[in-house]
Amino acid sequence: MEPFSVLPMFKVGIGPSSSHTLGPMLAAAAFSERLMAEHGEQVYSVSCELFGSLALTGEGHATDKALILGLLGMQPETLEPDVAEAAYAAVKVGNQLRLADRLPIHFNPQRHILYHCDVFLPAHPNGMRLSADDKAGNRLLTETWFSVGGGYIVSADDIANLDQAEQFDHRAFPFDNAAQLLTICQNEGVRLATIARRNERALGCDDAVIDQHLDLIKRVMLSAIERGCEQEGILPGGLQVVRRAPQLHQRLKVRSLQQDPLALMDWVSMFALAVNEENANGGQVVTAPTNGAAGVIPAVLAYYLRFVAGATDAGAREFLLTAAVIGWLYKRNASISAAEVGCQGEIGVASSMAAGALCAVLGGSVAQAENAAEMAMEHHLGMTCDPAKGLVQVPCIERNAMGAIKAINAARLALLGDGQHRVSLDAVIETMRQTGADMQSKYKETALGGLAVNIVLC
């Protein structure tokens, strides 16, 4: 994956987690393809080992299901939820799967998926090892993968050679931090999204490909809101969380904004809840930049498209490109993985991305957009990741609504200023990184601390 492209900040995936569901699925799919290409009919058995955070919250995050779907050769962009659910159930009942949809092999999830909850691999808290043997028990292939957040996966070999890979930077306007990016924008007299687009062109994407990707992302985001507003019921996993978005939607449709101007906030909250209830149900969402934070950016984008006069498709593309380049800065200089830095790396980053993007499409200058992005993260610093029962439901779903509201507030505050501010975006990104490094591991997507151990689950 091109390390300098900002477009992969948004990926079409399945819930409930980008790092614990989407990442393992992609790793397992890549492993199964290589295994079939190199060893084919020799393969007799496959095993999957999960380490650290992947093991501790794997059950609640459907990591076992993701691994099986990946081994079956399914891809998140084309996956049909009903078909995937039936295939997963068949493997659990029959203890057999078709590797890469070609070779039938014995596979018992109880025996062949191993959880090493007390072992953390050095490179990242989200580690997994995939292995395959022939009938005589000889090892055919072993791969170690790390799910580093937002659906990004990195093999052990790629991590070791990362510095060499990044020597080849073909961007038209290279930058590594916000200060460099802002200087480029000032010198060129252009906006953040313009530099992002010019760099994508230099990396091999023409405008048609860029716009096609951005339009797809917008469609999937808005579709997730629409589905979330229609699907009633209780979310899976045992917490008995009732889906609230449908009821809220019905109530808001008959409420006048003239009578209650603050109802606009309720619409934004409802948009965010709808997406993350879909995510918690295993539906199709966009990693933005992660699944746990998938509702923030769609909610703010829907606010722009529905409630801002003069909103356009071109404006939506600028919104997404601006958000993506801001998210890339966090990924490069800190993390977007809650297993590394807590929920500040998910909800906080999503809110920062949305704030800067909204400020830009509302006419803000580059300096004002940077101010908005900084402000949104500044007020998420220290947020822990403490999912109850290891599920992406409590407190995750409501946090998306809060993150969306903070993003809009930050954008509006930035627009009231002139772009001058004390704390830079680079400073807040570094502060987030340091805070995450200092945070105890029980507050980083392990379900061993915080609300995960202090709320009554029955």
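This is a predicted model: local features need pLDDT of at least 70, side-chain atom pairs count only at pLDDT 80 or more; totals for chains, interfaces and linings use all residues.

Visitor: Do β6 and β7 pair in the parallel or antiparallel sense?
Guide: Strands of a sheet pair through backbone hydrogen bonds, in one sense or the other. β6 covers residues 126–133 and β7 covers residues 139–149. Arg129 has Thr144 in β7 as its bridge partner. Over 7 bridges, the sense of the pairing is antiparallel.

Visitor: Which residue stands opposite Val12?
Guide: Val12 and Ile14 point one way from β1, while Lys11 and Gly13 point the other way. All four are buried. β1 pairs with β9 (residues 284–287) in the antiparallel sense, over 4 bridges. The residue in β9 opposite Val12 is Val286.

Visitor: How do α10 and α13 pack: roughly parallel or roughly perpendicular?
Guide: α10 covers residues 207–230 and α13 covers residues 296–307. Their axes lie 10 Å apart, at an angle of about 95 degrees. That angle makes the two helices roughly perpendicular.

Visitor: How many charged residues does the contact of α10 with α13 have?
Guide: From α10 come Lys218, Met221, Leu222 and Ile225. They meet Ile297, Pro298, Leu301, Ala302 and Leu305 in α13. By class, the contact has 8 nonpolar residues and no polar ones. The charged count is 1.

Visitor: Where is the cis peptide bond with omega near 10 degrees?
Guide: Most peptide bonds are trans. Pro16 is found in the loop between β1 (11–14) and α1 (18–39). The cis bond runs from Gly15 to Pro16.

Visitor: Which residues does the cis peptide bond with omega about 5 degrees join?
Guide: The proline of this pair sits in the loop between α17 (366–378) and α18 (396–416). The residues joined are Val394 and Pro395.

Visitor: Is Gln240 buried or exposed?
Guide: Gln240 has a positive phi of about 60 degrees, although it is not a glycine. Its place is the loop between α10 and α11 (245–253). A relative accessible area of 53% makes Gln240 exposed.

Visitor: What is the relative accessibility of Lys389?
Guide: Lys389 is not a glycine, yet it has a positive phi of about 60 degrees. Lys389 lies in the loop between α17 and α18. It counts as partly exposed, at 45%.

Visitor: What separates the centres of domain 1 and domain 2?
Guide: Domain 1 is 16–161 and domain 2 is 178–443. Contact involves 17 residues of domain 1 and 18 residues of domain 2. Taken over C-alpha atoms, the centres are separated by 29 Å.

Conventions:
Residues are numbered from 1 along each chain as its sequence is written. Side-chain values use heavy atoms; hydrogens and water are left out. Axes are lines fitted to C-alpha atoms, for helices over the stretch in contact, and angles run from 0 to 180 degrees between N-to-C directions. Angles under 35 degrees count as roughly parallel, over 145 as roughly antiparallel, 65 to 115 as roughly perpendicular and the rest as oblique. Contact means heavy atoms within 4.5 Å. Ala, Val, Leu, Ile, Met, Phe, Trp, Tyr, Cys and Pro count as nonpolar, Asp, Glu, Lys and Arg as charged, and the others, Gly among them, as polar. Buried means under 20% relative accessible area, exposed over 50%, partly exposed in between (1.4 Å probe, protein chains only). Two strands pair if DSSP finds at least two bridges between them. Domain bounds come from an automatic or database domain assignment.
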